[in-house]
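Hello,

Here is the structure for your files. My notes follow below it.

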Amino acid sequence: MGMSVTISVATEQDAEQIFRLQYLCFQSEAALYGNYRIDPLVQSLDSVRRELASDCVFVARLGEEVVGSVRGSVTGDGAAAIGKLCVHPRLQGHGIGARLLRAAEGALEEERGAKRFRLFTGHRSEGSLRLYRRVGYETVGTSKGADGVTMIVLEKPAGTYATTA
């Protein structure tokens, strides 16, 4: 019998696994843009630890292994910035990303008062764009990342959760 993937709040003990997973998962994004200086690849372990202490962070676990993660924080305008959603390449396409999004959205609204959710993804990241649109996000603009990558800005109002599992 196989194990189930569970979603839970990340702990400080998860920092190294999140750090390694993020580095693995964002290699394909870096290749897509020919840019290996994108934020998820240059973020330090200490920075991940700081985010764990201050942000709303969830992980997907398969047994003891962290196989997915997402982070979010509420900005001054009441929007929740959701970022660095990643799922281990061998488990992508099974609804884990949508489940992580739902957990983060629920906590950000209920515990931190988010009125809407905002996220960014690279303009060539078709898989990510498909997921975000499927769970209710709409394009509201574009921006240029510090690394030079053109980002699509997507938003949706709080209360409209990912229903895919």
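In which strand does E155 lie? E155 lies in strand β7, where strands are DSSP runs of E with at least two residues, numbered from the N terminus.

This is a predicted model, in which local features need pLDDT of at least 70, side-chain atom pairs count only at pLDDT 80 or more, and totals for chains, interfaces and linings use all residues. Residues are numbered from 1 along each chain as its sequence is written, and side-chain values use heavy atoms, with hydrogens and water left out.

The sheet: seven strands form an open, mixed sheet in the order β1-β2-β3-β4-β5-β7-β6; two strands pair if DSSP finds at least two bridges between them. β1 (5-9) and β6 (138-144) are at the edges with a single partner strand each, so one side of each has no neighbour in the sheet. β6 pairs with β7 (residues 150-157) in the antiparallel sense over six bridges, and E138 has E155 in β7 as its bridge partner.

E155 counts as buried because its relative accessibility is 18% (buried means under 20% relative accessible area, exposed over 50%, partly exposed in between, with a 1.4 Å probe and protein chains only). Its side chain makes a polar contact with the side chain of R116 at 3.3 Å (a pair of N or O atoms within 3.5 Å; within protein, one must be able to donate a hydrogen and the other to accept it, and residues adjacent in sequence count only if both atoms are side-chain atoms). Leaving aside neighbours within four places in sequence, the contacts of E155 (heavy atoms within 4.5 Å) include F117, R118 and Y137.

Y137 is buried, as is Y132.

Regards

Definitions and conventions:
Helices (H or I, at least four residues) and strands (E, at least two) are DSSP runs, numbered from the N terminus.
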